[in-house]
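This report covers helix geometry and helix packing. The sequence and structure come first.

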Amino acid sequence: MSAAHFSQSYREARHRFLAAASRAGAGVESLVHPLKGVEGEEIAMDAALVGAADAPSLFIVSSGTHGPEGFAGSACQLALLGDELLARAARGGIAVLLVHAVNPYGFSHTMRTNEDNIDLNRNFNDFSQPYPANDTYEQVHPLLVPATWPPSPEDDAHLAVAMAKVAGIRTPGVSSGQATHPDGLFYAGTAPSWSNATVRAILRRHGAHRRHIAWIDVHTGLGPYGHGEKIFGRHSAETLARAQDWWGRDLMVSTMADSVSPRTTGHITGCAPQECPDAAITPMTLEYGTLPNPDVRRALRGQAWLFGHPDAPPATARAIRKATRDAFYIDADAWKGMILGQFRALALQTINGLSA
Ligand SMILES: [Zn+2]
């Protein structure tokens, strides 16, 4: 595995992914997005299936749910397409489905959110119900997204105080999601996004007839530099036991030791049981650390501000996009090696688990 699997733009990442999928003999389906990329290029969610359409098990790896976080996920997918692990999967009765650029608009335009500033990992909700109120977010919204950018030192000082006040609150926390500020952070939207509908269609087509499905959705931006945190949501005890058998006891169960039932925030892997109700599903959000949290938060604030100020001076817009890219993609060989090494271990564990 090598740092060479990492690309420098969405366009390059997509091109390399499609070429590698073709070399691997994958069946590829490109779901073209209605808008264009930052270079005017076509953008799409590309799904590559390696292996038998009727294999009993399916191993899904998805990238770019949060735009430029896709540089890491895309590299993991590219590495896997050239890996002998694919032959091992085939021997185990496993097809591999790689979903490239779940949020192609954000990937190309260097936005964690999509074309409507929707955080896709808050968008997979039941929209027949009102999105739960988030009083915690309400308290900090005006400070997170200030009137001017860059924020003044006073703005930042006030935000630090406000964030300290709500630091211990998890249900809901600041980042749990919110549906009241379309110009804010962690915005859930008011309807299923293009990416939501497209991912669901891919799942139904490739997953609904399988017996077992494992799904790793690759993210970056939280946790220690280069460390891959294995995040596991709210699932049955049986599913948790299976996940721990495969991936070890160091899964981070996002709802552990909490008697208050946390509300659904609409994360992407939560749609798998809805679209593939007959399959046993083992999902993971794989979250790689990049920069310290205050730097990542500042990038998110800038990006939200820019969404609300499309007429911002070009230099300001460029600086915000660069900060966003730097917050979610560390362009350094050491970091890239950590990403790919940990991913390969997890991919092997997943294939072993599905083969058993
Ligand atoms: Zn993410």
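## Helix α10

Helix α10 (residues 293-308) has 16 residues and reaches 23 Å from its first C-alpha to its last, close to the 22 Å expected at 1.5 Å a residue (the expected span is 1.5 Å times one less than the number of residues). The model is predicted: local features need pLDDT of at least 70, side-chain atom pairs count only at pLDDT 80 or more, and totals for chains, interfaces and linings use all residues. Residues are numbered from 1 along each chain as its sequence is written.

Helices (H or I, at least four residues) and strands (E, at least two) are DSSP runs, numbered from the N terminus. Buried residues of α10 include Val296, Arg298, Arg301, Trp305 and Phe307 (buried: 20 or more other C-beta atoms within 10 Å of the residue's own, with C-beta atoms placed from the backbone). The buried residues of α10 pack against α5 (135-144), β5 (212-225) and α11 (314-328).

## Helices α5 and α6

α5 and helix α6 (residues 153-166) pack at an angle of about 165°, with their axes 9 Å apart (axes are lines fitted to C-alpha atoms, for helices over the stretch in contact, and angles run from 0 to 180 degrees between N-to-C directions). That makes α5 roughly antiparallel to α6 (angles over 145 degrees).

The contact is made by Thr136, Gln139, Val140, Leu143 and Leu144 of α5 and Asp155, His158, Leu159, Ala162, Met163 and Val166 of α6 (contact: C-beta atoms, placed from the backbone, within 7 Å).

Technical notes: A residue is buried if 20 or more other C-beta atoms lie within 10 Å of its own, exposed if 12 or fewer, and partly exposed in between; C-beta atoms are placed from the backbone. Two residues are in contact if their C-beta atoms, placed from the backbone, lie within 7 Å. Angles under 35 degrees count as roughly parallel, over 145 as roughly antiparallel, 65 to 115 as roughly perpendicular and the rest as oblique.
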